[in-house]
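I opened this entry to keep track of what I looked up, item by item. The sequence and structure come before my notes.

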Amino acid sequence: MNDTLAQLADVLAQRRSADPATSYVASLHHKGLNKILEKIGEEATETVLAAKDAEREDIEASKQAVVAETADLWFHSLVMLSHLGISHQDVLDELARRFGISGLDEKAARTSDR
């Protein structure tokens, strides 16, 4: 999976400076962070709705919709990271750091840091 993320990050970096008229990624960067965040919110909502349908219907098409919507959500999240100059590897490193830490303990530590 890391190879796919690395390849996608390379493509996103290339397209960031492309012509917004010919590149969806460039058009998002050109429109700015608020537009990118709007897309993330939209994709998050679509992911939630697809998951609710998949739980109710329990058919392969519904599960595939969850996969497709999650892919859209991840994609737009990667565009956001790129826009902010944050590497996807930073997120992977944070997830790796959390291995072996209780989710409840990790959440408590984040809450106490604020």
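I started with Asp90, which I found in helix H5. The model is predicted, and I read every entry here with that in mind. Is Asp90 buried, partly exposed or exposed? I looked up its relative accessibility and got 44%. Buried needs under 20% and exposed needs over 50%. Asp90 therefore counts as partly exposed at 44%. I then took one distance from Asp90. Its C-alpha atom is 24 Å from that of Ala68. Along the chain, Asp90 and Ala68 are 22 residues apart.

**Thr47**

Next I went to Thr47. I located Thr47 in helix H3, which covers residues 33-57. Its relative accessibility is 12%. The cut-off for buried is under 20%, so Thr47 counts as buried at 12%. Which residues does Thr47 touch, leaving out those up to four places away in sequence? I noted Glu69, Thr70 and Leu73. Helix H4 runs over 60-84, and I kept that range beside the contact list of Thr47.

**Ile59**

I moved on to Ile59. Ile59 is placed in the loop between H3 and H4. I read 45% for its relative accessibility, so I logged Ile59 as partly exposed. How far apart are the C-alpha atoms of Ile59 and Glu94? I got 34 Å. The two residues lie 35 positions apart along the chain.

**Ala109**

Ala109 was the next stop. I found Ala109 in helix H6, residues 103-113. With a relative accessible area of 36%, Ala109 is partly exposed. I also checked Ala109 against Ser17, which is 92 residues away along the chain. Their C-alpha atoms are separated by 39 Å.

**Largest pocket**

Then I turned to the largest pocket. I noted a volume of about 270 Å³. Eleven residues line this pocket. Which of the lining residues are closest to its centre? I wrote down Leu5, Trp74, Ser77, Leu78 and Val91. Two or more lining residues come from helix H4 (60-84) and also from helix H5 (88-98). H4 gives the most, with five residues. H5 is also where I had placed Asp90.

**Whole chain**

I finished with the chain as a whole. I counted six helices and zero strands. From the N terminus, the order of elements reads α-α-α-α-α-α. The C-alpha trace spans about 45 × 40 × 30 Å along its principal axes.

How much of the chain is buried? I got 24% of the 114 residues. Thr47 counts as buried.

I checked contacts by sequence separation. I took the contacts with a separation of 6 or more, and 55% of them join residues 24 or more positions apart.

I looked up the surface next. The chain exposes about 7,900 Å². Carbon and sulfur atoms supply 56% of that area.

I logged 13 positive and 20 negative charges. How far apart are their mean positions? I noted 5 Å.

Notes: Residues numbered from 1 in each chain as written. Predicted model: local features only at pLDDT ≥ 70, side-chain atom pairs only at ≥ 80, totals over all residues. Heavy atoms only, no water. Helix = DSSP H or I, 4+ residues; strand = E, 2+ residues; numbered from the N terminus. Buried < 20%, exposed > 50% of the residue type's maximum accessible area, 1.4 Å probe, protein only. Contact = heavy atoms within 4.5 Å. Areas by Shrake-Rupley, 256 points an atom, 1.4 Å probe, with all protein chains shown as cover. Lys, Arg positive; Asp, Glu negative; His and termini not counted. Charge placed at Lys NZ, Arg CZ, Asp CG, Glu CD. 1 Å grid on protein atoms, 1.4 Å probe; cavity = no way out; pocket = protein on both sides within 12 Å on 5 of 7 lines; lining within 4 Å. Points joined across faces, edges and corners; volume = space filled by probe spheres on them.
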